[in-house]
Amino acid sequence: MLTKGSALNVGKGWAVASLFRKARENRQMKFYLKTAGAFLIALMVTNPSFASGSDLLSSQASTVSSTFGSGSSLVKWFYIAEIIMGLFIYIKARSPLVFVGIVICIIFTRVAFSIAS
């Protein structure tokens, strides 16, 4: 009954046993990753050097507001890029709803840059 190349000519239990072995290894790897992550979080929370209370980036506040604030050149280039991409999408889609998306995108950009500055 056994012929070369037959589906029945397979080692007994090979596929099932290997699947269970890999699943067990994956569970162990997930456990080790969770344990290592929990250890690192506990180390960061309990280390007193991370709770110093001084803001190291406070001197950069004026730079950030001038770069990302209203009236900066970065905001202007974002608006120009949004309008060009909107026109390109309108040419491809031929739907006037694209222009509503441009307005929504500009409003979102305005709010995001006001929060950043």
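**View 1. Ser-72 and the residues that it touches.** Leaving aside residues up to four places away in sequence, Ser-72 touches Ser-66 and Thr-67, where a contact means heavy atoms within 4.5 Å. Ser-72 lies in the loop between H2 and H3, the helices being DSSP runs (H or I, at least four residues; strands are E, at least two) numbered from the N terminus. Its relative accessibility is 10%, and Ser-72 therefore counts as buried; buried means under 20% relative accessible area, exposed over 50% and partly exposed in between, with a 1.4 Å probe and protein chains only. The model is predicted, with local features needing pLDDT of at least 70 and side-chain atom pairs counting only at pLDDT 80 or more, while totals for chains, interfaces and linings use all residues. Residues are numbered from 1 along each chain as its sequence is written, and side-chain values use heavy atoms, with hydrogens and water left out.

**View 2. The chain as a whole.** The chain holds 4 helices and 0 strands, and its elements run α-α-α-α from the N terminus on. Of its 117 residues, 9% count as buried. The chain exposes about 10200 Å², of which carbon and sulfur atoms supply 71%, the areas coming from the Shrake-Rupley method with a 1.4 Å probe and, for residues, with only the protein chains shown counting as cover. Among contacts with a separation of 6 or more, 42% are accounted for by residues 24 or more positions apart.

View 3. Helix H3 (residues 73-93) has 21 residues and reaches 30 Å from its first C-alpha to its last, close to the 30 Å expected at 1.5 Å a residue; the expected span is 1.5 Å times one less than the number of residues. Buried in H3 are Val-75, Tyr-79, Glu-82 and Gly-86. Seen down the axis of H3, these buried residues fall within an arc of 60 degrees, so they line one face of the helix, the arc being that of the directions from the helix axis to the C-beta atoms. They pack against helix H2 (61-68) and H4, whereas the face turned away from the buried side carries the exposed residues Trp-77, Ile-84, Ile-91 and Lys-92.

**View 4. Arg-94, after helix H3.** Arg-94 follows H3 and is placed in the loop between H3 and H4. Although Arg-94 is not a glycine, it has a positive phi of about 55 degrees. Most residues other than glycine have a negative phi. With a relative accessibility of 59%, Arg-94 counts as exposed.

**View 5. Helix H4 and its buried face.** H4 has 20 residues and reaches 29 Å from its first C-alpha to its last, close to the 28 Å expected at 1.5 Å a residue. Val-98, Ile-102, Thr-109 and Phe-113 are buried in H4. Down the axis of H4, its buried residues fall within an arc of 55 degrees, so they line one face of the helix. What covers them includes H2 and H3, while on the other side of H4 the residues Leu-97, Ile-104, Phe-108 and Ile-115 are exposed.

**View 6. A nonpolar surface patch.** Val-103, Ile-107, Val-111 and Ile-115 make a nonpolar surface patch of about 390 Å². Val-111 is found in helix H4 (residues 97-116), and this residue is partly exposed, with a relative accessible area of 43%.

Technical notes: Patch = residues over 30% accessible without salt bridge, like charges linked within 9 Å, V, L, I, M, F, W, Y side chains within 5 Å. Salt bridge = Lys/Arg side-chain N within 4 Å of Asp/Glu carboxyl O.
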